[in-house]
Amino acid sequence: MKKYDLYIFDYDGTLVNSFKSLYNIFDISYREIGIQIKPGDEVMLSRISLVDGYKLMGGKLEENMMNKFANAIIREVDSPNSLIGTTIYPETINVLKTLKNNGAILAISTSNKKEHVIEGLKALNVDPNLFDVIIGNMECEKHKPDPEPVLNVLKALNYKGDKKDVIYIGDAINDTICGKRAEVDYVLVERMNEYPEYKEPKINTLEELIK
């Protein structure tokens, strides 16, 4: 695969398998507003914004209910229990270290909270300092598929290179749209065969980034 100067990674579902912990977060938060989710919903909900997920699950568009849900999400994400069940994909550490040793710049751009990502990496024995910058949902006004999450990485790094030497790697279609709109290269990591009809750049494992 082409070598890039800057590799920007999504976090959940890309670097780590956090679906079990996400299920716990969503399950508790939705139950607080009277909605029961089922196993598997966490994958779909992780692919879209919290607002879109809330509407899709039938959340009432009343300020007090929306605030109750938002506060529950914030509380559960900040809870130590939110890290339970998160595992790192087998190839992640080797790929990151190989890219870093080859002189690449590494970054994370995620819809998760930056602080949660840092704590998650530490819990999985991954040095957060492998990444030159981490951009989370609180560092952006707009979220994927808007290009701002990727563009904010470039801004934080004061990146002056060619955008075609930058790639955004994610596991959802919103990630690829975000990368495309930011005018950088992008690739979908499809581990669960969710998008068989997707014809744009696609890999099955992060190892393909270093081959």
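The largest pocket is lined by 33 residues, and Ile 48, Ser 49, Leu 50, Ser 111 and Asn 137 are the ones nearest its centre. This is a predicted model, so to speak of local features I need pLDDT of at least 70, side-chain atom pairs count only at pLDDT 80 or more, and totals for chains, interfaces and linings use all residues. Numbering runs from 1 along each chain as its sequence is written, and side-chain values use heavy atoms, with hydrogens and water left out.

By pocket I mean an open set of points on a 1 Å grid over the protein atoms alone, where a 1.4 Å probe fits, with protein on both sides within 12 Å along at least five of seven lines; lining residues have an atom within 4 Å of a point. The volume here is about 900 Å³, taken as the space filled by probe spheres set on the points.

Which helices supply at least two residues each of that lining? They are H1 (19–31), H2 (41–46), H3 (50–56), H4 (63–78) and H8 (173–181), where a helix is a DSSP run of H or I of at least four residues, numbered from the N terminus. H4 gives the most, with seven residues. By class the lining has 16 nonpolar, 10 polar and seven charged residues; nonpolar covers Ala, Val, Leu, Ile, Met, Phe, Trp, Tyr, Cys and Pro, charged covers Asp, Glu, Lys and Arg, and the others, Gly among them, are polar.

The second largest pocket has a volume of about 160 Å³. Its lining divides into seven nonpolar, three polar and two charged residues, including Tyr 4 and Tyr 7.

Next, the aromatic pairs. Rings of Phe, Tyr and Trp (its six-membered ring) pair if their centres lie within 6.5 Å; planes under 30 degrees apart are stacked, over 60 edge-to-face, and the rest tilted. That rule gives four aromatic pairs. Tyr 4 and Tyr 7 have ring centres 5.8 Å apart and planes at 80°, so they are edge-to-face. Tyr 7 is buried at 2% relative accessible area, and Tyr 4 is buried at 10%; buried means under 20%, with a 1.4 Å probe and protein chains only.

For Phe 26 and Tyr 30 the centres are 6.3 Å apart and the planes at 40°, so that pair is tilted. Both residues are buried. They are four residues apart in helix H1, about one helical turn. Together with Tyr 54 and Phe 69 they form one aromatic cluster.

Note on methods:
Buried < 20%, exposed > 50% of the residue type's maximum accessible area, 1.4 Å probe, protein only.
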